[in-house]
Amino acid sequence: MSDTITLKYDVSTDDFTRAGEASSDVKRKLKNMNVNPEAVRKVAIAMYEGEINMVIHANGGVITVTIDPDCITMILADKGPGIPDIAKAMQAGYSTAPDNVRDLGFGAGMGLPNMKKYSDDMKIETELGVGTTVTMKVFLAA
Amino acid sequence: MTIREIQEALGARLVYGEEFLDKEVHNACGSDMMSDVLAFVKDQAVLLTGLCNPQVIRTAEMMDIICIVFVRDKRPDEDMIELAKERGIAILSTGHRMFGACGILYCKGLRGGQDYERYDHTKV
């Protein structure tokens with residue numbers, strides 16, 4: 001695995017039942033590339049939470065995954081409302097998700113904390129009314 | 001314990017996964033909130049849940065969970081079963097409620113994989 005591979009996904013918003021398809025595809029591809037299972041799981045969970053967030057809060061967006069020999073980078077870009085208070089959003093249990101999302105098993109206020117927990121590096125760029133871009137990295141041991 | 005032993009202990013219906021019945025389960029997690037499930041990583045785990053939608057299967061897939069037990073006789077639809085088949089995840093459905101189902105499996109020796117001492121707030 002010496003070359004860089006880039007994968008791009010359009011995450012649509014209209015169908016919550018399909019949320020997670022991009023993460024599922026990345027997980028399968030990484031598995032087939034024999035990336036170590038722990039790293040695959042970290043990528044899958046971090047990306048899945050991000051993908052769900054995009055659907056809940058931002059009317060979808062675009063996810064770009066770059067696979068390098070030493071690092072997997074996930075860039076999740078949306079044109080949603082932006083995050084007014086990142087520190088608050090990072091608190092476990094803090095959620096602004098609507099009640100109907102809770103009926104679907106999400107909106108527990110664990111999305112961003114889980115993304116931080118499972119990625120080795122996470123950066124959030126957000127502007128109110130413009131959108132949010134979350135960049136997460138999972139490093140691969142040599 | 002094996003998935004078969006879980007099925008017997010809970011008197012559960014096997015919805016899918018005959019070929020996985022002898023797989024060994026090491027840990028359990030009971031929750032209706034998928035983000036709480038995603039916060040917990042353990043190998044060879046079973047998920048007990050009262051939530052019944054495709055995101056339960058997706059969550060199990062991301063976590064490498066090998067078996068899902070739907071409590072209160074919840075039954076997944078065809079699309080969910082198809083998703084579980086593609087991912088090789090066994091599905092059971094039991095009439096027990098969440099507390100009862102978890103209690104039965106706990107009594108059989110299954111654990112949540114956490115350090116229980118750490119959460120004892122009565123010890124200072």
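Chain B contains 5 helices and 5 strands. The model is predicted, and the totals given here for chains and interfaces use all residues. In sequence order, the elements of chain B follow the pattern α-β-β-α-β-α-β-α-β-α.

The overall dimensions of chain B were examined next. A compact globule of 124 residues would have a radius of gyration near 14 Å, and the value for chain B is 14 Å, so the two agree. The C-alpha trace of chain B spans about 50 × 25 × 25 Å along its principal axes. Buried residues make up 44% of the 124 residues of chain B. When contacts in chain B between residues at least 6 apart in sequence are considered, 51% of them join residues at least 24 apart.

The strands of chain B form an open sheet of 5 strands in the order S1-S5-S4-S3-S2, with mixed pairing. Strand S1 (13–16) and strand S2 (27–30) of chain B are at the edges of this sheet; each has a single partner strand, and therefore one side of each is left without a neighbour in the sheet. From one strand to the next, the twist averages 25 degrees. In general, the strands of a sheet pair through backbone hydrogen bonds, in either a parallel or an antiparallel arrangement.

For S1(B), the pairing with strand S5 (residues 90–93) of chain B is antiparallel and extends over 3 bridges. Within this pairing, Tyr16(B) has Ile91(B) in S5(B) as its bridge partner. Helix H4 (residues 78–87) of chain B lies across both S1 and S5 of chain B. The direction of H4(B) is at about 75 degrees to S1(B). Edge strand S1(B), which has a single partner strand, is thus described by its antiparallel pairing with S5(B) and by the helix H4(B) lying across S1 and S5 of chain B.

The contact between the two chains takes 18 residues from chain A and 18 residues from chain B. On the side of chain A that touches chain B, at least two residues each are supplied by helix H1 (21–32), helix H2 (37–57) and helix H5 (111–118) of chain A. H2(A) gives the most to this side, with 5 residues. By class, the side of chain A that touches chain B consists of 8 nonpolar, 7 polar and 3 charged residues.

Key: Residues are numbered from 1 along each chain as its sequence is written. Chains are lettered from A and ligands numbered from 1 in the order in which they are written. This is a predicted model: local features need pLDDT of at least 70, side-chain atom pairs count only at pLDDT 80 or more; totals for chains, interfaces and linings use all residues. Helices (H or I, at least four residues) and strands (E, at least two) are DSSP runs, numbered from the N terminus. The radius of gyration is taken over C-alpha atoms; the globule rule is 2.2 Å times the number of residues to the power 0.38. A residue is buried if 20 or more other C-beta atoms lie within 10 Å of its own, exposed if 12 or fewer, and partly exposed in between; C-beta atoms are placed from the backbone. Two residues are in contact if their C-beta atoms, placed from the backbone, lie within 7 Å. Ala, Val, Leu, Ile, Met, Phe, Trp, Tyr, Cys and Pro count as nonpolar, Asp, Glu, Lys and Arg as charged, and the others, Gly among them, as polar. Two strands pair if DSSP finds at least two bridges between them. Axes are lines fitted to C-alpha atoms, for helices over the stretch in contact, and angles run from 0 to 180 degrees between N-to-C directions.
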